[in-house]
Amino acid sequence: MKAVKITAVKQTEYSDLIQKYENPIEHACDIKIGDVFVSYDAQKPQNLCDSAWDSMEKFVKALAEGGGDFFDGWMKNKHSAMISCNDGFRPVSFYIETVE
């Protein structure tokens, strides 16, 4: 089984949606751009939030098992994927790829 590197590459914030729909919260996310996590044996890396893992788990497992080429050539590197967490107010985009 291959290791899978997970890198936080972008975070977007939709302040208009936050203002309109979200109850005020003090702290929403600990992920910072550039944070790197590594999944071994297709397991959730320590310190990766559950919401992000829920969004990417099936892709990480497929890559760990040697799969890839999702959606008929979607990614330039067929052993990678770009996945965002499911926070509709401030999603984080993660680049996931197999590593040797």
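These legends accompany several views of a predicted model.

View 1. From the N terminus on, the order of elements is β-α-β-α-β-β. The C-alpha atoms fill a box of roughly 45 × 30 × 20 Å along the principal axes. Of the 100 residues in the chain, 36% are buried. Among contacts with a separation of 6 or more, 61% link residues 24 or more positions apart.

**View 2. The open sheet of four strands.** Its strand order is β2-β1-β4-β3, and the pairing is antiparallel. Strands β2 (36–39) and β3 (80–84) form the edges, each pairing on one side only. Neighbouring strands are turned by 25 degrees against each other on average, direction ignored.

**View 3. The pairing of β3 with β4.** These strands run antiparallel. Five bridges join β3 to β4, which spans residues 92–99. Look for Ile83: its bridge partner in β4 is Phe94.

**View 4. Helix α2 against the strands.** The helix covers residues 50–64. It lies across β1 (3–11), β2, β3 and β4. Helix α2 runs at about 20 degrees to β4.

**View 5. Surface and charged side chains of the chain.** The accessible surface comes to about 6,500 Å². Carbon and sulfur atoms account for 47% of that surface. The chain carries 11 positive and 16 negative side chains. The centres of these two sets lie 5 Å apart.

Key:
Residues numbered from 1 in each chain as written. Predicted model: local features only at pLDDT ≥ 70, side-chain atom pairs only at ≥ 80, totals over all residues. Heavy atoms only, no water. Pairing = 2+ DSSP bridges. Helix = DSSP H or I, 4+ residues; strand = E, 2+ residues; numbered from the N terminus. Axes fitted to C-alpha atoms, helices over the stretch in contact; angles between N-to-C directions. Contact = heavy atoms within 4.5 Å. Buried < 20%, exposed > 50% of the residue type's maximum accessible area, 1.4 Å probe, protein only. Areas by Shrake-Rupley, 256 points an atom, 1.4 Å probe, with all protein chains shown as cover. Lys, Arg positive; Asp, Glu negative; His and termini not counted. Charge placed at Lys NZ, Arg CZ, Asp CG, Glu CD.
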